[in-house]
Amino acid sequence: MGEKFNRKILLEDGTEILGYGFGSEIEKVVELVFNTSMVGYQEIISDPSYTDQAVVMTYPLIGNYGINDDDFETKVPSIAGMIVRQYNDEPSNFRSTHTLNEIMKKYGIVGVSGLDTRKLARHIRNFGSCKALITNVSRDSKEALEYLKKYEMPRNQVPRVTATEIHSMGDENAKYHVVAVDCGMKLNIPRMMVKKGCYVTIVPYDTSAEQILELNPDGIFLSNGPGDPTDVEVLVNNIRKLIGKKPIFGICLGHQMISLAYGAKTYKLKFGHRGGNHPVKNLLTDKIEITSQNHSYAVDVESVKDTKLEITHINLLDNTVEGMRCVEDFVASVQYHPESAPGPQDSSYLFDIFAKMMDDWKGGQHA
């Protein structure tokens, strides 16, 4: 590129990285994370679990197939930024209706290109996820670093991305009625459940246990979402009231909140799991699944031992907990994303397991 660098990324340890801006030109403090997926940047920028985070894409070319109208995972993206090696603003794809740049400008998402994303990903891997300031190259670095160090990242992001009202998807006469508690749910999750024969009623995260039971579902689904699961105390308390009343299935943040409801603990990972190639071992079948992941927090394996939960899946990269169940209570959960948007489809069978839980419950096997 012949032009001069016009944007910079300032990390809280003082590291400064120069690049070229795309997307929104505003200044923004972000949590810096990385994702190793080779495709799926549209699903990534529209995944509510990335709220307030800037994602370093380790695949070098981003933007080349544009943005289409069908693959958004939320209607209003809440990701903070995207950092790429090479940005392509002339996509080649018959489905493309916008460029990535246009969508990022529309929703206030900052972008930086033209830097060594491998080096930045290694920095995050070595030192952990961190605060960073994305700003104009002319900003005084000393003053910017002081501002960054004083800045406190927002917490409790779920209220910002949850559904604002109760709404439904699918056929009212479907075999199963599922109440999905929306903590920032990706749209492909209810789509998958509809394909599996569910009528899905989507409710805000703080809907009471009593209100959920009044809807008379066959099962309750707890969605993915951003941030620390301990911030969502109202839902953890509601889950305690729902356990044993209906079959419950949770994904990602839902998985973490189920663990808290049973008395286990969660903790923040050094740099999280984000990508489409994480190997997970199913301890019940001895099979290995390649999974799609996006999370900063994990369930403490030792803390599960004192609960009614049984660990069903583990991550083969770091032995973290990837799945749990309580057969007695008809509860199951996974840390990863079986709806596979984006990512491999090894794990879509988990929706069938949820359906079987609802069948068994209906058949009176919970009595």
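**Figure 1. Salt bridge between Arg 155 and Asp 228 in the predicted model.** The closest N and O atoms of Arg 155 and Asp 228 are 3.1 Å apart. Arg 155 is exposed, with a relative accessible area of 52%. Asp 228 is buried, at 13% relative accessibility, because buried means under 20%. Side chains of opposite charge can pair when their charged atoms come close.

**Figure 2. Salt bridge between Arg 155 and Asp 231.** The side chain of Arg 155 also meets that of Asp 231, with an N to O distance of 3.0 Å. This pair, too, links distant parts of the chain: Arg 155 is in the loop between α4 and α5, Asp 231 is in the loop between β13 and α8, and they are 76 residues apart. Asp 231 counts as partly exposed, with 22% relative accessibility.

**Figure 3. Salt bridge between Asp 329 and Lys 308.** The closest N and O atoms of this pair are 3.0 Å apart. Asp 329 lies in the loop between β18 and β19 (331–334), while Lys 308 lies in the loop between α10 (301–304) and β17, so the contact ties together parts that are 21 residues apart in sequence. Asp 329 is buried, with a relative accessible area of 7%. Lys 308 is partly exposed, and its relative accessible area is 45%.

**Figure 4. Network of salt bridges formed by Glu 27, Arg 139 and Glu 143.** These three residues, Glu 27, Arg 139 and Glu 143, are linked to one another in a network. For the structure as a whole, the number of salt bridges is 21.

**Figure 5. The largest pocket and its lining.** The volume of the largest pocket is about 520 Å³. Its lining is made up of 23 residues, and those nearest the centre are Thr 74, Val 161, Thr 162, Ala 163 and Asp 182. Two elements, α5 (158–161) and β10 (167–169), each give two or more residues to the lining of this pocket. The largest share, three residues, comes from α5. Sorted by class, the pocket lining has 11 nonpolar, six polar and six charged residues.

**Figure 6. The largest cavity and its lining.** The structure holds one cavity of 30 Å³ or more. The space in the largest cavity is about 90 Å³. It is lined by 14 residues, with Tyr 50, Ser 292, Gln 293, Asn 294 and Pro 342 nearest the centre. Two or more lining residues come from each of α1 (41–45), β15 (266–282) and β16 (287–299). Of these elements, β16 gives the largest share, three residues. The cavity lining divides into four nonpolar, seven polar and three charged residues.

**Figure 7. Positive phi at Asp 52.** Asp 52 is not a glycine, yet its phi is positive, at about 70 degrees. Most residues other than glycine have a negative phi. Asp 52 sits in the loop between α1 and β4 (53–57). The relative accessibility of Asp 52 is 13%, and Asp 52 therefore counts as buried.

**Figure 8. Positive phi at Asn 319.** Asn 319, again not a glycine, has a positive phi of about 65 degrees. Asn 319 is found in the loop between β17 (310–315) and β18 (321–326). Asn 319 counts as exposed, because its relative accessibility is 53% and the limit for exposed is over 50%.

**Figure 9. Nonpolar patch on the surface formed by Phe 5, Leu 18 and Val 137.** Together, Phe 5, Leu 18 and Val 137 have about 210 Å² of accessible area. Phe 5 belongs to the segment before β1 (7–11). With 36% relative accessibility, Phe 5 counts as partly exposed.

How values were computed:
Residues are numbered from 1 along each chain as its sequence is written. This is a predicted model: local features need pLDDT of at least 70, side-chain atom pairs count only at pLDDT 80 or more; totals for chains, interfaces and linings use all residues. Side-chain values use heavy atoms; hydrogens and water are left out. Patches are made of residues with over 30% relative accessible area and no salt bridge: like charges are joined within 9 Å, nonpolar side chains (Val, Leu, Ile, Met, Phe, Trp, Tyr) within 5 Å. Accessible areas come from the Shrake-Rupley method with a 1.4 Å probe; for residues, only the protein chains shown count as cover. A salt bridge is a side-chain nitrogen of Lys or Arg within 4 Å of a carboxyl oxygen of Asp or Glu. Helices (H or I, at least four residues) and strands (E, at least two) are DSSP runs, numbered from the N terminus. Buried means under 20% relative accessible area, exposed over 50%, partly exposed in between (1.4 Å probe, protein chains only). On a 1 Å grid over the protein atoms alone, a cavity is a set of points where a 1.4 Å probe fits but cannot get out, and a pocket is an open set with protein on both sides within 12 Å along at least five of seven lines; lining residues have an atom within 4 Å of a point. Grid points are joined across faces, edges and corners, and a volume is the space filled by probe spheres set on the points. Ala, Val, Leu, Ile, Met, Phe, Trp, Tyr, Cys and Pro count as nonpolar, Asp, Glu, Lys and Arg as charged, and the others, Gly among them, as polar.
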